[in-house]
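Biologist: Could you walk me through a few residues in this one? I'm new to reading structures, so let's take it step by step.

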Amino acid sequence: MQSEFLAGSFSEVGVTGCENANQPGVSFLAFDPEEELLWASTFEGRVCSYYGPNLEKYTSFLAHTDPVRQLLPLQAGVVSISPSELRMTARTGLRCFSHKDTTKLNELQCIVGGQDVSKILIGCQDNKLVTFDMSQVSITQEETIEASPTVLRQSETFTCVGTATGDLILLDPTSLKQQYRIHQHPAAVTDMVVAGHYIATCSYSINVFNQLAGDERLAVYDVRALRPLCPLSTMCQPMILRHVPSMGSTLLVVSQAGEFQFIHVGGLVTPATMCLHQVNTQGLPCCAADVSPSGQFLAFGDSTGLIHNWSSAESTDEDIVLNPYSHPSLFPDQVEPAPYMDFDDPELGAPLSAAPLTIIPSGSKLLSDWPALNSRYVLRQPEPIPSDILDNMKMVQFVGYAPKPTGLHRNQCPYQLSKYHNSSKKTEPESPMMRVDNPLSVVPKPYRRVEIKYSKLGVEGFDFQHYNKTSFAGLEIHIPNAYCNAMLQVLYFLEPVCCSLRSHKCSREFCLSCELNFLFRMLEQCQGGHCQASNFLRTFRTLREASALGLVMSDLKCQMDLGKIIQQWTSFVLQQLHQETLSSKSSNAASSPATSVIQDMFSTDVEIESVCRCGKQISRAASEMNFPLIYPSSPSPLQTVSFAALIQQSLCRKQHTHMWCDECARYRPAVSHCVSNLYLVLLHCRKRNDGLLVFHEHSVSPVRLSMMKRVAFGLPSMVHCRCP
């Protein structure tokens with residue numbers, strides 16, 4: 001009867017996509033032994049479940065970031081493993097726990113349920129078997145075997161392990177000690193199934209082309225007699241083996257090409273059992289398969305993420321069940337639809353208040369209610385009493401009486417538009433010249449920072465003439481990279497540099513000299529207004545060297561050391577302007593030596609003398625455009641150093657480096673700089689730490705005290721310096 005039933009009783013009834021069309025292939029399929037569910041996993045780490053014979057979507061969640069290697073549905077939920085993680089998830093999709101342990105759980109390969117429902121057995125590729133307690137979420141036992149496990153199955157008396165060497169190892173379920181070892185195949189065991197007291201395994205073999213292919217013979221071992229049986233021949237190359245529960249010792253044999261057949265273990269081979277079925281995978285490999293507990297439904301998963309559904313031809317959709325003893329699945333409550341209401345009904349008149357609201361039971365809380373821990377009860381602040389009422393009020397004992405203001409009715413308060421009351425006033429802020437003097441502030445009042453309050457018109461609505469009474473224009477700071485505005489003003493007020501850049505003309509697409517020419521003309525014509533250096537900054541952002549030095553700031557609120565950035569910006573811009581003006585000048589007069597205004601103004605001829613310990617001196621000439629201000633090595637608040645001494649120490653500094661000496665034939669130290677010709681020297685005076693700040697305050701305080709004494713005696717407070 002079974003042979004006749006299996007001969008042509010199954011046919012394809014539908015195809016279901018796993019999550020979406022672009023999803024990777026199905027890695028594992030498993031029917032739920034507790035409910036009417038089919039579990040499927042993908043190579044992307046997603047786990048999905050489907051309900052009923054029509055495979056309606058039930059749950060879907062991302063369980064792992066790596067491919068899922070096996071699923072194990074249990075009573076408490078479904079267990080899934082990836083190469084590095086073990087996870088248990090409830091059937092509704094909520095995670096119960098996840099466990100990662102790179103030292104003990106490395107390259108997970110297979111799992112199987114134990115005799116204890118709270119424990120599972122995990123096989124790792126490093127020849128290790130691990131017992132995991134799900135109630136404690138911890139590893140309770142470890143055992144090492146002779147080969148790497150590939151498949152784990154549980155029989156009535158043994159724990160069966162298929163290894164990568166083709167062996168079948170039978171272990172004691174309690175102690176995990178090896179009882180028997182049978183060599184079944186020359187290659188790794190790809191799958192194994194336990195049907196009663198029979199154990200069937202499949203593996204690879206080498207074909208005529210000297211390539212690995214599925215072995216067409218199944219190795220069968222009798223656990224009851226502890227002896228191997230004759231191999232079973234198949235019509236395909238088996239890769240997946242499953243037991244059909246409703247048919248005794250019948251096995252489902254599936255090949256990677258999508259071919260499958262049914263075989264009776266220990267029975268005779270008849271033409272009915274040699275019937276071969278083909279799953280329409282469009283020539284793609286079949287990656288997973290499983291049989292429902294009722295034996296009426298088959299599921300096959302291919303590499304494109306499709307699940308092919310097969311069922312018995314004698315059963316209709318109403319008769320097919322996945323699990324004959326299943327528990328009811330949990331579904332969300334049905335939302336009752338709101339009663340239909342026609343807004344065109346003339347009796348209602350289509351008012352919005354006619355739409356019924358949900359009746360909230362007494363004592364229940366709204367979703368918008370704040371908990372008492374995060375809320376505070378505050379009384380409404382009363383409106384202040386107008387001053388005209390208080391001026392006309394007459395006190396009788398402890399009660400004040402005043403005439404009622406005109407224009408207001410009884411129990412009526414004036415409607416105050418506090419946001420718009422200031423709109424009629426003057427929008428410009430108070431002048432800093434009118435502020436209260438701050439004795440602790442060292443910045444003079446005309447140079448203090450003023451916060452610009454913009455109106456609806458933006459910058460155009462602010463009166464800059466209120467603060468700038470001169471004919472000198474300013475630069476706006478509300479654009480990125482505006483930290484260089486001060487140095488741009490310095491270059492503008494250097495007359496030789498300004499005249500040279502205003503006469504500059506070239507055909508480059510991005511030229512800082514051309515943009516400074518345009519900016520300087522705007523500053524001259526603005527006459528006390530405000531300008532934007534947006535064109536210059538746009539060209540500055542296109543320079544790759546500026547971006548590499550970190551001089552381009554993408555955000556106005558970027559927290560950076562502006563003093564260090566301005567130093568680097570000055571060095572870079574001077575060098576860039578020197579190259580641009582030098583190229584344009586050399587093209588006009590190729591015979592004369594090429595120089596630039598930047599070089600004439602800022603360059604300093606330096607003679608570098610390198611002295612070796614052996615006494616050999618090497619001198620070479622160089623030029624520098626700026627010098628860092630060198631402070632004492634250990635600044636002390638009690639140490640007084642003049643600014644002239646700091647300049648001398650910075651210009652004639654000694655720097656210890658390593659140089660190659662031909663006489664010593666090795667690197668030796670000692671290098672000193674000496675200034676030859678001094679034109680206009682730029683010194684970087686940025687403070688670098690708190691110690692240098694204390695040094696500046698202590699060094700400046702005597703000068704400030706002497707200036708205050710000169711002012712007290714009516715003497716000039718400015719110190720003039722004349723350089724030869």
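This is a predicted model: local features need pLDDT of at least 70, side-chain atom pairs count only at pLDDT 80 or more; totals for chains, interfaces and linings use all residues.

Biologist: Is T16 buried or exposed?

Modeller: T16 sits in strand β1, which covers residues 10-17. Its relative accessible area is 13%. Buried means under 20%, so T16 counts as buried.

Biologist: Which residue's side chain makes a polar contact with the side chain of T16, and at what distance?

Modeller: Look at the contacts of T16 beyond its sequence neighbours, which include N309. The polar contact joins the side chain of T16 to that of N309, at 3.3 Å.

Biologist: Now K128: which strand is it in, and is it buried or exposed?

Modeller: K128 belongs to strand β12, residues 128-133. The cut-off for buried is under 20% relative accessible area. K128 has 13%, so it counts as buried.

Biologist: How far apart are the C-alpha atoms of K128 and S148?

Modeller: Along the chain, K128 and S148 are 20 residues apart. Outside its sequence neighbours, K128 has contacts including E142, E143 and P149. The C-alpha separation between K128 and S148 is 7.2 Å.

Biologist: Last one: which residues make the nonpolar surface patch of about 380 Å²?

Modeller: Start with L390, which lies in helix α2, residues 387-391. L390 has a relative accessible area of 42%, so it is partly exposed. The patch is made by L390 along with I385, M393 and M395.

Notes. Residues are numbered from 1 along each chain as its sequence is written. Side-chain values use heavy atoms; hydrogens and water are left out. Helices (H or I, at least four residues) and strands (E, at least two) are DSSP runs, numbered from the N terminus. Buried means under 20% relative accessible area, exposed over 50%, partly exposed in between (1.4 Å probe, protein chains only). Contact means heavy atoms within 4.5 Å. Patches are made of residues with over 30% relative accessible area and no salt bridge: like charges are joined within 9 Å, nonpolar side chains (Val, Leu, Ile, Met, Phe, Trp, Tyr) within 5 Å. Accessible areas come from the Shrake-Rupley method with a 1.4 Å probe; for residues, only the protein chains shown count as cover. A salt bridge is a side-chain nitrogen of Lys or Arg within 4 Å of a carboxyl oxygen of Asp or Glu. A polar contact is a pair of N or O atoms within 3.5 Å; within protein, one must be able to donate a hydrogen and the other to accept it, and residues adjacent in sequence count only if both atoms are side-chain atoms. Lists of a residue's contacts leave out its neighbours within four places in sequence.
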